[in-house]
Amino acid sequence: MDAGPLVLRLLAGLLIAGHGVQKVSFRLGGKGLAGGAEEFRHDGFRGGRLTAVVAGGSQVGAGLFLAAGLLTPLAAMAAMGVMTVAGTVKWPKGLWVQNDGYEYPLVLVVISVALALTGPGRWSVDHALGLTPWPLWLVLAAIVIGPTSGLLTRAVLHRTSTAPEGATRARAAD
């Protein structure tokens with residue numbers, strides 16, 4: 001039974017971390033920090049480079065902690081937050097990934113919820129440190145705070161209207 005959480009943690013955690021690496025580097029098919037900043041601008045977010053660094057760093061950290069089973073509810077919370085933001089970007093395109101929809105971010109959010117609820121399993125850093133089982137109140141708080149933080153991030157950083165082309169280029173140094 002312990003192999004299941006391990007497989008889920010490794011798969012979801014490393015995919016989330018890899019997604020973050022792409023935002024800030026040329027590794028794993030990324031377009032570097034400038035490319036990550038441009039992706040966020042294209043998706044209507046403020047902040048340019050800072051947004052790319054924070055989002056990419058959050059994805060790398062959450063993904064690696066989730067993969068290791070380290071501070072699992074908090075790692076799952078962070079993963080839910082960043083993948084909720086990704087889901088909001090894809091939402092207008094519908095569910096299915098072949099239409100660039102939100103299916104993939106939704107699956108990662110749900111896996112993160114499941115790992116927070118079930119715990120990381122015996123083959124985890126949390127178990128080795130004697131941190132399991134996590135208190136239910138903490139797990140439930142993480143499940144609520146994760147997606148809520150993603151929605152708040154979207155509300156704060158997303159532009160309500162698109163700026164003229166020249167203004168977008170002027171912000172490229174953000």
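In the predicted model, helices H3 and H4 are oblique to each other. The axes of helix H3, which covers residues 48-68, and helix H4, which covers residues 72-90, cross at roughly 140°. These two axes come within 8 Å. The angle counts as oblique because roughly antiparallel would require a value over 145 degrees. In hand, the crossing of H3 and H4 is left-handed. On the H3 side, the contact is formed by Ser58, Gln59, Ala62, Phe65 and Leu66. These residues meet Thr72, Ala75, Ala76, Ala78, Ala79, Val82 and Met83 of H4. Sorted by class, the contact of H3 with H4 holds nine nonpolar and three polar residues, and no charged ones.

Helix H3 also packs against helix H1. Here the angle is about 160° and the axes are 7 Å apart. H1 is therefore roughly antiparallel to H3. The crossing of H1 with H3 is left-handed. From H1, the contact takes in Arg9, Leu10, Gly13, Leu14, Ile16, Ala17, His19, Gly20, Val21, Lys23 and Val24. Their partners in H3 are Ala52, Val53, Gly56, Gln59, Val60, Gly63, Leu64, Leu66, Ala67 and Ala68. By class, the residues of the contact of H1 with H3 comprise 13 nonpolar, six polar and two charged. Gln59 and Leu66 of H3 are listed in the contact with H1 and also in the contact with H4.

Two further residues of H3 were examined individually. Thr51 lies in helix H3 and is buried, with a relative accessible area of 11%. Leaving aside residues up to four places away in sequence, Thr51 touches Phe40, Arg46 and Leu157. Arg49 is likewise located in helix H3, but this residue is partly exposed, at a relative accessible area of 35%. The C-alpha atoms of Arg49 and Glu38 are 8.2 Å apart, and the two residues are separated by 11 residues in sequence.

A search of the whole structure for salt bridges finds five. One of them joins Arg122 to Asp2, with 3.1 Å between the closest N and O atoms. Arg122 is situated in the loop between helix H5 (103-118) and helix H6 (125-128), and Asp2 in the segment before helix H1 (3-24), so this pair ties together parts that are 120 residues apart in sequence. Arg122 is partly exposed, its relative accessible area being 47%.

A second salt bridge is formed by the side chains of Glu39 and Lys23, at an N to O distance of 3.3 Å. This pair, too, links distant parts of the chain, as Glu39 belongs to helix H2 (residues 32-42) and Lys23 to helix H1, 16 residues apart. The two partners fall into separate accessibility classes: Glu39 is partly exposed, with a relative accessible area of 38%, whereas Lys23 is buried, with a value of 6%. Lys23 is also among the H1 residues that meet H3.

Lys93 and Asp100 form another salt bridge, in which the closest N and O atoms are 2.8 Å apart. Lys93 is partly exposed, with a relative accessible area of 45%. Asp100 also counts as partly exposed, at 32% relative accessibility.

Gly32 is buried, with a relative accessible area of 2%. When residues up to four places away in sequence are not counted, Gly32 touches Lys23, Val24, Ser25 and Phe26. By contrast, the C-alpha atoms of Gly32 and Leu10 are separated by 25 Å, the two residues being 22 residues apart along the chain.

Definitions and conventions. Residues numbered from 1 in each chain as written. Predicted model: local features only at pLDDT ≥ 70, side-chain atom pairs only at ≥ 80, totals over all residues. Heavy atoms only, no water. Salt bridge = Lys/Arg side-chain N within 4 Å of Asp/Glu carboxyl O. Helix = DSSP H or I, 4+ residues; strand = E, 2+ residues; numbered from the N terminus. Buried < 20%, exposed > 50% of the residue type's maximum accessible area, 1.4 Å probe, protein only. Axes fitted to C-alpha atoms, helices over the stretch in contact; angles between N-to-C directions. Parallel < 35°, antiparallel > 145°, perpendicular 65-115°, else oblique. Left-handed = near helix turned anticlockwise from the far one by under 90°. Contact = heavy atoms within 4.5 Å. Nonpolar A, V, L, I, M, F, W, Y, C, P; charged D, E, K, R; others polar.
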